[in-house]
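Here are my comments on the charged side-chain pairs. Please read them with the model open.

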Amino acid sequence: QVQLVESGGGLVQAGGSLRLSCAASGRAFSGNVMGWFRQAPGKERDFVAAINWTGIGRNHADSVKGRFTISRDNAKNTVYLQMNSLKPEDTAVYFCAAGAINVISSRYEYWGQGTQVTVSS
């Protein structure tokens, strides 16, 4: 069974930083795009960032561009989201996703359970 497990969420003060990690099971995502999405209470799930196999092809949502950076370590089967200059509006559950065909696609095959990020004023 394919599994994605997020970690690194928590409570942080506005202006602070967090790094989220997503560990993938098996070797199912070789050659596939991975990404991050987020969902605030009562809101729809929104795209955050995506990265291809080589790590060179990347896409970040306008709302996080210049503050968040997606990366991956294929030897560890792990994708990361470095979040700097955090704002209260970044508060959401962050989900890892895998299986898109390119970094501008919104279609992903697999999803993690999510990790809570809360940014205080």
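Which residues are linked in a network of salt bridges? Arg38, Arg67 and Asp90 are. Keep in mind that this is a predicted model.

1. Overall count. The structure holds three salt bridges. Side chains of opposite charge can pair when their charged atoms come close.

2. Asp90 with Arg38. These two side chains form a salt bridge, with an N to O distance of 2.9 Å. The pair links distant parts of the chain, 52 residues apart. Asp90 lies in the loop between strand E8 (78–83) and strand E9 (92–100). Arg38 belongs to strand E4 (residues 33–39). Both Asp90 and Arg38 are buried.

3. Asp90 with Arg67. Here the side chains meet at 2.8 Å, N to O, in a salt bridge. Arg67 is buried, as is Asp90.

4. The network. Asp90 pairs with Arg38 and also with Arg67. That joins Arg38, Arg67 and Asp90 in a network of salt bridges. When checking the figure, show these three side chains together.

5. Asp62 with Lys65. Is this pair buried or exposed? Asp62 is exposed, and Lys65 is exposed as well. Their side chains meet in a salt bridge at 3.2 Å, N to O. By contrast, Asp90 and Arg38 are buried, and so is Arg67.

Notes: Residues numbered from 1 in each chain as written. Predicted model: local features only at pLDDT ≥ 70, side-chain atom pairs only at ≥ 80, totals over all residues. Heavy atoms only, no water. Salt bridge = Lys/Arg side-chain N within 4 Å of Asp/Glu carboxyl O. Helix = DSSP H or I, 4+ residues; strand = E, 2+ residues; numbered from the N terminus. Buried < 20%, exposed > 50% of the residue type's maximum accessible area, 1.4 Å probe, protein only.
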